[in-house]
Amino acid sequence: MKSEKDTRKDLAGDSCEKLAMGTKQKTIFEYLRSVDCCRVCCLRFLKATKEAFIDIEAALVKLNLVDPATEEENGERKSKRVKENVCIACLGLFDSLDSLADEVRQSEAFQRYSKCEAGFFTSISLPLVLHLRQLSLWYDVVERFPDTFDKQTLPDIAVKDALKMVLIPRLERALDKPFSVDGVMVTVPYTYENEQKELQALERISPGIFAGRKAHKHTRKEFLTRNAFEKHFTPDVIDVNLFRAHYSVPPVSSENVRLVRGEISATGPTIFVAGRYNKWSRTLSQTPWIIEGKRLMEGSVQETLEAAIAPHFGVPEGQLIFSSSGREDVDVRCLGEGRPFVLEIPNALTDQLPEQDAVAMEQAVETSGTVSIRDLQLVKRPDLVHIRGNESEKRKFYRALCVTTEPVNEEMIRRLRVNETIELQQVTPLRVLHRRPLLKRSRHVYRLQAWACRDNPNAMVIELETQAGTYIKEFVHGDFGRTKPSIRDMIGVEVDIHALDVMAIDLDWPQRLRR
């Protein structure tokens, strides 16, 4: 164990180290203030904690960067300060935040989404010139404080990260809503009138980069992307003397030219509504059937669902995105407990779906007489993997009425009662070749059963359990030999499919609600 003397010595050493660190921080702070860095940007370059950005003035006092006596007057914090030049680092960005939270709360754009309860998140658009000014200060602090800063490590907390730490708590208080990526997106754009003039310095500093960008046909149209800037313009890539020859180190600003905030806008959350649908009609497509601009069939499953669901979320019907676990042909019914589906609803006015409204939607779809839905509910984006993933592992169950050119006999039925897996080779069917690539696919039939029809000697009913993606009609008639084996091969008689129903889909999603 350490002696009391050693312990006191260690504590004294720690105190000296903290004092030296505090003195160094204050020296950096005072220098940055002397060149017109705002207090928030000073904390950025001191890499302060997240908590420091919530209460800037208290953090400055706690870090002994300012004298408490100068921050308070008669026991109260001063509300007014001497007018300062525009910050050379953020160009007045952080000074513009004082009223922003209240402006967002009062804006018509945000109030439009008052029924969204998940919260909000922000999308702040900042000009590239802030990166240029950060680089200039980077050169400056590396030169002046080499014990603290170096050319390989960013000298500050990124302006966007600091902006979030300052702004989000204010917005949470003003809006009385939590920050959430599932909430309303609040967009705040900023511009700077001298940006292009200042950015021209980059082309003089490193002309080869811009020549290469202009020659590359896939280069985006803006002057320079942020990624390209961060890759090509750092102190260990560009010599400081070359940089100084074309841009001021540290950067300068004036009282009159600062960032200008554009119009606040808001975008509603993207909501996902899932359920299961039954299709009772043999003359209804799953999605709008339009070829070369001509509509071939009135209505669709998708449009029937949209008409019942879209109004609740305040979104035009044509803007919803429909997905499902597979699809059936126009002349195929979907029975049993239905086919799982999801509607993606962008820019929704509400993120809630009360039980009574879900029931009302299900009842509205029922009145169509062609489609029914059940288990209607909100789901999260990650849940979509159930619809879109592992399609080859899913199983589908079908029942088909088939007709033969010769009377059905016991031998035919016996050959079609198979309880072991049949592996098929299916070349893209002729009927879908116009919209599907020409490929040979391996598919599996896991179970096959057949029964003769009592009232028609040339008819039989078959039931199949197959791998998702199997072309059932072609498995029956063979598609001129493009599917092997086929039921035609198995019974040695020409056979065609008269009617087909989807009986079940092996996907236990979404949750069954049993309304």
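**Entry 1: the annotated span**

I began with residues 272-506, whose end C-alpha atoms lie 21 Å apart and whose make-up is 20% helix and 38% strand. Helices (H or I, at least four residues) and strands (E, at least two) are taken as DSSP runs, numbered from the N terminus. UniProt lists this span as "domain: Pus10-like C-terminal" in an unreviewed entry; its positions are given in the numbering used here, feature names are shortened, and annotations may be inferred rather than shown by experiment.

I note that this is a predicted model, in which local features need pLDDT of at least 70 and side-chain atom pairs count only at pLDDT 80 or more, while totals for chains, interfaces and linings use all residues. Residues are numbered from 1 along each chain as its sequence is written, and side-chain values use heavy atoms, with hydrogens and water left out.

**Entry 2: helix H14**

I looked up helix H14 (residues 301-313) and found 13 residues reaching 19 Å from the first C-alpha to the last, close to the 18 Å expected at 1.5 Å a residue. The expected span is 1.5 Å times one less than the number of residues. At alanine 307, shortly before proline 311, H14 has a kink of about 35 degrees; the bend is the angle between axes fitted to the seven residues ending at a position and the seven starting there.

I listed the buried residues of H14 as Val301, Gln302, Thr304, Leu305, Glu306, Ala308, Ile309, Ala310 and Phe313. Buried means under 20% relative accessible area, exposed over 50%, and partly exposed in between (1.4 Å probe, protein chains only). Their cover includes strands E7 (271-279), E10 (321-324), E11 (332-345) and E12 (371-379), as well as helix H15 (355-366); contact means heavy atoms within 4.5 Å. Glycine 314 follows H14 with a positive phi near 65 degrees.

**Entry 3: helix H9**

I applied the length check to H9: its 17 residues should span 24 Å at 1.5 Å a residue, and the end C-alpha atoms are 23 Å apart, which agrees. A kink of about 30 degrees lies at leucine 167, shortly before proline 169. Just after H9, aspartate 176 takes a positive phi of about 55 degrees.

**Entry 4: aromatic rings**

I recorded nine aromatic pairs in the structure. Rings of Phe, Tyr and Trp (its six-membered ring) pair if their centres lie within 6.5 Å; planes under 30 degrees apart count as stacked, over 60 as edge-to-face and the rest as tilted. Phenylalanine 120 and phenylalanine 179 form an edge-to-face pair, 6.0 Å centre to centre with 85 degrees between the planes. This pair links distant parts of the chain, 59 residues apart: phenylalanine 120 is in strand E3 (residues 120-125), and phenylalanine 179 is in the loop between helix H9 (159-175) and strand E4 (184-191). Phenylalanine 120 counts as buried because its relative accessibility is 0%, whereas phenylalanine 179, at 36%, is partly exposed.

I also noted one aromatic cluster, formed by Tyr31, Phe145 and Phe149. Elsewhere, the charged end of arginine 395 sits over the ring of tyrosine 446, 3.6 Å from its centre; this requires NZ of Lys or CZ of Arg within 6 Å of the ring centre and within 35 degrees of the ring normal.

**Entry 5: lysine 394**

I placed lysine 394 in the loop between helix H16 (385-388) and strand E13 (395-404). Is lysine 394 buried or exposed? Lysine 394 counts as buried, because its relative accessibility is 6%. Not counting residues up to four places away in sequence, its contacts include Ser325, His386, Thr466 and Leu507.

**Entry 6: backbone exceptions**

Most residues other than glycine have a negative phi, and most peptide bonds are trans. I therefore checked the departures.

- Asparagine 64, in the loop between helices H4 (56-62) and H5 (68-71), has a positive phi of about 60 degrees and is exposed at 56% relative accessibility.
- Leucine 91, in the loop between strand E2 (76-77) and H6, has a positive phi of about 55 degrees and is buried at 0%.
- Lysine 484 and proline 485 are joined by a cis peptide bond with omega about -10 degrees.
- Tryptophan 509 and proline 510 are joined by a cis peptide bond with omega about -5 degrees; proline 510 lies in the segment after strand E18 (495-505).
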